[in-house]
Amino acid sequence: MLFTCCSASWLDPAFVAALIPDSYVVDLHERMGLYQRLATAENAPAVWDVVGSMNDLYGETPAEVTALAEVMVLKHLLRNLNILALELTKPDEKYPLPRIVLSLGEQPKLDPVKLANWVKANPSTLTLTPKMKLIYTPTKEEWLVTVGRDGIALAKYVINQKISVLELH
């Protein structure tokens with residue numbers, strides 16, 4: 001599953017990389033083991049359990065580790081919906097706010113009628129391409145207030161508040 005983000009330079013200074021810093025876990029083998037544990041965590045609570053154990057072993061968890069955990073939780077959400085990829089696009093002249101691009105693939109666990117109706121009812125914020133890419137453009141208020149100019153928070157918001165209501169049951 002792909003989870004990509006453009007260069008961090010366009011985001012505000014609060015942007016934090018998603019990784020385990022060398023200065024937090026000095027030993028390379030231990031750090032790789034922790035990455036492995038995060039990658040194989042079966043669900044969101046298991047991801048946070050790994051982060052909790054890191055906090056116990058190495059001290060207060062840096063923002064980079066929290067961001068990594070958030071990305072791992074997003075991957076679980078996407079996997080549960082059979083969504084192939086999520087990309088956060090860089091703002092440009094045409095689109096002054098970042099956009100979330102979800103690659104739905106051939107069989108996402110989304111109700112196709114609800115999805116079509118949602119896209120049709122929200123042409124200013126939603127586009128569904130012939131290649132089954134759902135593009136979500138947040139409103140200025142969503143970007144500035146709701147998610148506080150945070151790309152990971154925007155992705156979580158779109159998945160949890162917008163996409164989850166389309167899920168097949």
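This is a predicted model: local features need pLDDT of at least 70, side-chain atom pairs count only at pLDDT 80 or more; totals for chains, interfaces and linings use all residues.

Residues are numbered from 1 along each chain as its sequence is written, and side-chain values use heavy atoms, with hydrogens and water left out.

The protein chain has six helices and five strands (DSSP runs numbered from the N terminus: helices are H or I of at least four residues, strands E of at least two). Their order along the sequence is β-α-α-α-β-β-α-β-β-α-α. Chain-level values are collected here.

| Property of the protein chain | Value |
|---|---|
| Residues that count as buried | 41% of 169 residues |
| Accessible surface | about 9600 Å² |
| Part of the accessible surface belonging to carbon and sulfur atoms | 54% |
| Contacts with a separation of 6 or more that join residues 24 or more positions apart | 62% |

Buried means under 20% relative accessible area, exposed over 50% and partly exposed in between (1.4 Å probe, protein chains only). Accessible areas come from the Shrake-Rupley method with a 1.4 Å probe, and for residues only the protein chains shown count as cover. Contact means heavy atoms within 4.5 Å.

A nonpolar core is a set of buried Ala, Val, Leu, Ile, Met, Phe, Trp, Tyr and Cys residues joined through side-chain atoms within 4.5 Å. The largest such core holds 29 residues, of which Ile100, Leu102, Leu134 and Ile163 touch the most other members. Two or more residues each come from α3 (63–80), β2 (85–88), β3 (100–103), α4 (112–121), β5 (133–136) and α6 (151–163). The greatest contribution, seven residues, is that of α6. Another core lies apart from it, with 15 residues that include Tyr24, Val50, Met72 and Val73.

Within α6, the buried residues are Gly151, Ile152, Leu154, Ala155, Tyr157, Val158, Ile159 and Ile163. The buried residues of this helix pack against α3, β2, β3, α4, β5 and α5 (140–146). At the start of α6, a side-chain oxygen of Asp150 comes to within 2.9 Å of the backbone nitrogen of Ile152.

Strand β3 contains Ser103, which is buried with a relative accessible area of 15%. Beyond its neighbours within four places in sequence, Ser103 contacts Ile83, Leu84, Ala85, Met132 and Lys133.

Technical notes. A polar contact is a pair of N or O atoms within 3.5 Å; within protein, one must be able to donate a hydrogen and the other to accept it, and residues adjacent in sequence count only if both atoms are side-chain atoms.
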